[in-house]
Amino acid sequence: MKIESIVENVTINIDGQDVEVPKGINIIEAVKMVGKGKEVPHYCYHPKLSIAGNCRMCMVEMGMPMRDRATGEAVLEEDGTQKIAWMPKPTIGCATNASQGMHIITGSEMVKESRNGVTEFLLINHPLDCPICDQAGECRLQEFSAEHGRGYSRFIEDKNVKPKRSRLGPNVTLDDERCILCSRCVRFSKEVANDDVLGFVDRGTYSTLTCFPGKELSHNYSLNTVDICPVGALTSTDFRFKMRVWFLKRTHSICTESSVGANTEIWSREGKIYRITPRRNDEVNDTWMTDTGRALYKEIESEDRLMHYSIEGVHKASDEVAVAATELLKSGKVAIVGSAHSSVEEQFFYKAIAERSGAKVSLVSHHGDGDGLLQSEDRTPNLRGALVTGLISELPSENLEVLARDINSGAVKTILAVNEDLTELGISKDVLAKAKVIYVGSHANRTSEVANIVLPSLMVFEKDGSFINQSFRIQGFKAAIPGPRGVQSDFMVLEKIAAALAGEKATAITIDSVWERMTATIDQLSDSLRWHSLPEEGVALDATAFLNLGFVETKNLKYDPVAFKEAHAALAEV
Amino acid sequence: MSHQETRLIFKHIDEEGYTNDIDCYVKNGGYDQLKKAVTMKPEDICAEVLTSGVRGRGGAGFPAGMKWKFLDRKSGKPIYLICNADESEPGTFKDRQIIHQDPHQLIEGMMCTAFAIQAKLAFIYIRGEFFEGYKILESAIEEARKKNFLGDNILGSGYSCDIIVHRGAGAYICGEETGLIESLEGFRANPRIKPPYFPAALGAYQCPTIVNNVETLCDVKHIIEMGGEGFAKIGTPGNTGTRIWCVSGHVQKPGYYEFACADITLGQLINDICGGLKPGRKLKAVIPGGSSSKILRADERFTGKLKDGTEYDWGIEDIPMDFDSLMAVGSMSGSGGVIVMDDTTDMVEALANINYFYAHESCGQCTPCREGVPWMRKVTQRMLDGEAREEDADLLKSIADQIAGRTICAFGEAASWPVQSFIAKFKDEFVEKAQEQAARRKEGKETAETTTLI
């Protein structure tokens, strides 16, 4: 049930406190709403999956106002208060839905005793190998055992033996002994990834998670099963045994794989990224992301990474390069090949540079097949940013044949290329040789090899900025690790060029001063909005000006182009 | 004192010359009740069943008429009827006899029920091991279909319904009604959480479904024959109709015996009907309603007040065999499997046997049952293997207490009640076991002989 669809509120009583909650919400969520860190412990329940009710950890005591069976009238206590008919057994919070007058006790002796019981049961056949387990530090079993366990074991029998390292798919390795059979991964594959590959074989205490015969967990969402595994059973083959999670710093970021803009968390230590996991945003990606999106950080250490500012192949300081680039751009007949991989801030500067150098701006589209979930057809994170900043006013074309003609005709003499390999887009090396090329990008390609000036740029993991996703939601990302030594944030170098082009002196800028300028000139961004104050879930921008462009995205997890257009049109009418 | 059986369901069971084909059944008045039923209003049949007070014969003893009343008829979805023929409670062997010897009685009862609840389709979920029964049912259904007792436009009534026989794949848990439905749908027999999946509202294929035991469905036929009030005259108020008691264990004449509820006492059943214990043996304990019901100790006194206010003071042999009396003494009539144990029984071994069964049959879906029941099995097995500890009795009880009432389905109770009751009533034997073994260990002897379970 979607929480948004519930309008009616009911009053329920949780541990003696009356709380107003949406009708039908389950007790785990209701207790969360009480706040103060109050939580009903649970393993199998996940807000984005169906209810299984199998872990039995979330048990609470539940009662309803007692009514006379014959008359339907309320039965009162001697002191005149409503009498509560308590259920004789504890009930599971995940499958108990709030209704008017419901009473819940989350900490009675019965509740504690049943949670302790479940904890003891989960541990008897568990290998208790926390010292070598990747999940340690973020393991619900470990946490709840400290809270609800007895501290010693009454189990003196032999533990069950199960497979320790089964390969479920290219990215996931399973330790069956740690599995508590909560079925989250099974439900995820079936309900979210639409690829029903996981199931249990054998019975009772020998139940074992496995793939269906002849199949493997190879869909592009397989690592989400690792995220939602409450214990260390499903492990990322990539991250396995690499790092203790408590050593890792967590930084909020945005996935650049496609225009979906999945919210992510980057886990890094001492300038090195160890893994990327999804961050919950119910408007964008729920709690999921693609496997391919998680692997993007590997590009950081790629051998073809551009590390130095250079002019004609000679390493220079960034200031010198900025001056040289400015000179080239001043000479007129300039074309800019921008990028939908650039952040909104960078695009804002490219727009300024284009205006000041009289350059014509083109972008190139990067399309692929959409998977209907979190990988959209547009494989760039920030096409909407290019539109909102005014860098472009039309959708990009597939190639740069027009630009090639302009070079041939002599109409273009200088090209500022951002992150694109022009030789793959209809401009042959010979044609390219006729123009001066300034290349801005994170990695080397054939264009950077022939470029007269190269400005290395930072990857999304190394800088602050923002992207605007498919539904015109602007979302911020933060630098998790420093970039290559000496490489500055793109917009700092661009400021030097843009200021010089206008004959002004470059100022020392921060991301918020960039935002000050941006919000002053861009209609869609409200004046008071700053990067630092961007809410976690991002801000939905007014897309009215762009509704008639033929975006390529089709319906996916949280975006439906038809519904989006209709909703905006309805809004515009109001 | 001799006691007369009241053979209602088992009227023709083991009768000389009675065969399980349709001609024999019809010759003995078969399908007359179905002919009558289809002329009645469905809601009238439901009302008769409610009046009859017939309680479910599968184990829980819930009034069948009440169960039918819970059917969600407003949903507009088709209604399904399922016959639970997954008879697998240790100690129970009644449904198998009905299926083997009188399959048409079941079919007639089912079609009467299907008509009463206006089911779109009926299923018989038969235990996988009952292969012979499956073949018999299939051919009986074919015979009945030919005579239009089921199929399209049954007996010209305009009502159509067919029966599909589905063989289980061999698991005790398939007898749990929601597990049965999952299995019928083709999934692992993992029982569903209730709420929301009460079969009467969200059963087979998420449609309203009634699941009744074989014997209960047969009762429906007889309720139509004698009317709800007529049926209610058999037995006592609240305990109407007959029960088939499947007696096994240390008696001279084990077998199935059908009596009106409360017609005989446990003592009469054991001593008079079943010929008593073997010579020289003394009664030690009785499990009155299948292996999951709580054990009764031979020298116990049961005192208290019944629902109707009458006080009772019974020894084990005085307990009237019906639903409420057995519940009053802390056990249950369950599926009618009476397991008698004499004084040669090693209670630790008996419990180990039961634990082995439940550990083997736990579906493994929810934590307390999946982990707790095999733990209890390991403890009792270890006790037999010569490693018993005095504290094991308390440990067993504690584990059982952590299971009962904490699971998705009633299997949790079914598996813990034996342990709870064995420890409550025979704790001394569990402690003695440990002491004996300790003494033998001291003398340098083997602590245990090899025991093979099941």
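Visitor: What makes up chain A in terms of domains?
Guide: Three pieces: domain 1 (3-107), domain 2 (129-135 + 151-300) and domain 3 (310-573) of chain A. Keep in mind that this is a predicted model. Those bounds come from an automatic or database domain assignment.

Visitor: How do you know that domain 1 and domain 2 of chain A touch, and how far apart are their centres?
Guide: Taken over C-alpha atoms, the centres of domain 1 and domain 2 of chain A are 31 Å apart. Contact is judged residue by residue, with C-beta atoms within 7 Å. On that test nine residues from domain 1 of chain A meet eleven residues from domain 2 of chain A. The domain 1 side of that contact holds five nonpolar, three polar and one charged residue.

Visitor: Let's go to the sheet in chain A. Why are β16 and β18 of chain A called edge strands?
Guide: Each of them, β16 (314-315) and β18 (360-362) of chain A, pairs on one side only. The open sheet has seven strands, in the order β16-β15-β21-β20-β19-β17-β18 of chain A, with mixed pairing.

Visitor: What makes β17 and β19 of chain A a pair?
Guide: Pairing needs at least two bridges. Strand β17 (residues 334-337) and strand β19 (residues 414-418) of chain A have four bridges, in the parallel sense, so they count as paired. If you want a place to look, A:V334 stands opposite A:T414 in β19 of chain A.

Visitor: Which helix packs on that sheet, and which strands does the helix touch?
Guide: Helix α8 (residues 344-357) of chain A, which touches β17, β18 and β19 of chain A. The direction of α8 makes about 165° with that of β17 of chain A.

Visitor: Why is A:H341 called buried?
Guide: The cut-off is 20 or more other C-beta atoms within 10 Å. A:H341 has 24 of them, so A:H341 is buried. You'll find A:H341 in the loop between β17 and α8 of chain A.

Visitor: Which residues is A:H341 in contact with, beyond its neighbours in sequence?
Guide: Leaving aside neighbours within four places in sequence, A:H341 is in contact with A:T256, A:T380, A:P381, A:N382 and A:N419. As for A:S365, 24 residues away along the chain, its C-alpha atom is separated from that of A:H341 by 11 Å.

Visitor: What makes the backbone of A:F472 worth a look?
Guide: Phi of A:F472 is near 55°, a positive value in a residue other than glycine. A:F472 lies in the loop between β22 (465-468) and β23 (473-477) of chain A.

Visitor: Is A:F472 buried or exposed, and how do you know that?
Guide: A:F472 has 23 C-beta neighbours inside 10 Å. The mark for buried is 20 or more, so A:F472 counts as buried.

Visitor: B:N148 has a positive phi too; what makes B:N148 partly exposed?
Guide: Partly exposed sits between the cut-offs of 12 or fewer for exposed and 20 or more for buried. B:N148 has 14 C-beta neighbours inside 10 Å, so B:N148 counts as partly exposed. Phi of B:N148 is about 65°, although B:N148 is not a glycine. B:N148 is in the loop between α7 (131-146) and β3 (163-167) of chain B.

Visitor: How do you know that the peptide bonds at B:P195 and B:P196 are cis?
Guide: Look at omega: about 0° for the cis bond joining B:K194 and B:P195, and about 5° for the cis bond joining B:P195 and B:P196. B:P195 lies in the loop between α8 (177-184) and α9 (199-202) of chain B, and B:P196 is in the loop between α8 and α9 of chain B.

Visitor: How many residues does each chain give to the contact between chain A and chain B?
Guide: Chain A gives 25 residues and chain B gives 26 residues. Helix α2 (residues 109-124) of chain A brings the largest share of the chain A side, six residues. By class, the chain A side has twelve nonpolar, eight polar and five charged residues.

Visitor: Which residues have the most contacts inside the largest nonpolar core?
Guide: A:I353 and B:M111, in a core of 283 residues.

How values were computed. Residues are numbered from 1 along each chain as its sequence is written. Chains are lettered from A and ligands numbered from 1 in the order in which they are written. This is a predicted model: local features need pLDDT of at least 70, side-chain atom pairs count only at pLDDT 80 or more; totals for chains, interfaces and linings use all residues. Two residues are in contact if their C-beta atoms, placed from the backbone, lie within 7 Å. Ala, Val, Leu, Ile, Met, Phe, Trp, Tyr, Cys and Pro count as nonpolar, Asp, Glu, Lys and Arg as charged, and the others, Gly among them, as polar. Helices (H or I, at least four residues) and strands (E, at least two) are DSSP runs, numbered from the N terminus. Axes are lines fitted to C-alpha atoms, for helices over the stretch in contact, and angles run from 0 to 180 degrees between N-to-C directions. A nonpolar core is a set of buried Ala, Val, Leu, Ile, Met, Phe, Trp, Tyr and Cys residues joined through C-beta atoms within 7 Å.
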